[in-house]
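Open the model in your viewer and keep the sequence panel beside it. We will go stop by stop, selecting as we go.

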Amino acid sequence: MKSSNNEVKWTLLKVMAAVAALGVAVWYAASVWSQASAGPQPMTVQVALDNQCGLVDDAFVAVAEPDGTTAAFDKGVAVLRTRSDAKIMVRASAKYPDFGFESPWVKAAPQVRITTQCKSSGRIDRTLGSMREQFQPKAR
């Protein structure tokens, strides 16, 4: 009789564990589905600039698409208020019309780091040289 009683307890325990696991799976699926169906959410993105061009950070801006939000860099960081489905890039600031630069797009996240590496060519070298001389950071 004791072994039959133990078997009933183990069977009951297995059923309870299966029901609990099924409940967790249903809860997880429902939360994933509700997030996916909610669409893009507002998001603040901090873009850290890894400036390897030798130019002042002011020469660049962060851009979010598809909404077109832009932000200037302050001490190497730009803050964009955009959407969770946005793509982020760094491009040349409109303040310097003779300078052109665009980084690859990256998926929006609360914090992203984008490196700028300016490729050299004759015209770009002259432009960069001129900008370096004109806009060198002031010595502290």
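**Stop 1: the disulfide.** This is a predicted model, and the count of disulfides in it comes to 1. Select C53 and C118: these two form the disulfide. Their sulfur atoms sit 1.9 Å apart, and the cut-off for a disulfide is within 2.5 Å. A disulfide is a covalent bond between the sulfur atoms of two cysteines. Look along the S-S bond of C53 and C118. The angle about it is 95 degrees, and the link is right-handed.

What does the pair tie together? C53 lies in the loop between strand 1 (42–51) and strand 2 (60–65). C118 lies in the loop between strand 7 (111–116) and helix 2 (122–134). The pair therefore ties together parts that are 65 residues apart in sequence.

Now show the surface. Is C53 buried or exposed? C53 is buried, with a relative accessible area of 4%. C118 is partly exposed, at 23% relative accessibility. The reason is the cut-off: buried means under 20%.

**Stop 2: strand 1 and its partners.** Zoom in on T44: its bridge partner in strand 4 is R81.

Strand 1 and strand 7 pair in the parallel sense, over 6 bridges. Pick out Q46, and you will find Q111 of strand 7 opposite. Strands of a sheet pair through backbone hydrogen bonds, either parallel or antiparallel.

Strand 5 (residues 87–92) pairs with strand 6 in the antiparallel sense, over 2 bridges. Select I88 and look across to strand 6: V106 stands opposite.

**Stop 3: a serine in a loop.** Follow the chain through the loop between strand 5 and strand 6, and select S103, which lies there. Is S103 buried or exposed? S103 counts as buried, at 6% relative accessibility. Which residues does S103 touch, not counting residues up to four places away in sequence? S103 touches M89, V90 and I114. Show their side chains to finish the tour.

Definitions and conventions
Residues numbered from 1 in each chain as written. Predicted model: local features only at pLDDT ≥ 70, side-chain atom pairs only at ≥ 80, totals over all residues. Heavy atoms only, no water. Helix = DSSP H or I, 4+ residues; strand = E, 2+ residues; numbered from the N terminus. Buried < 20%, exposed > 50% of the residue type's maximum accessible area, 1.4 Å probe, protein only. Pairing = 2+ DSSP bridges. Contact = heavy atoms within 4.5 Å.
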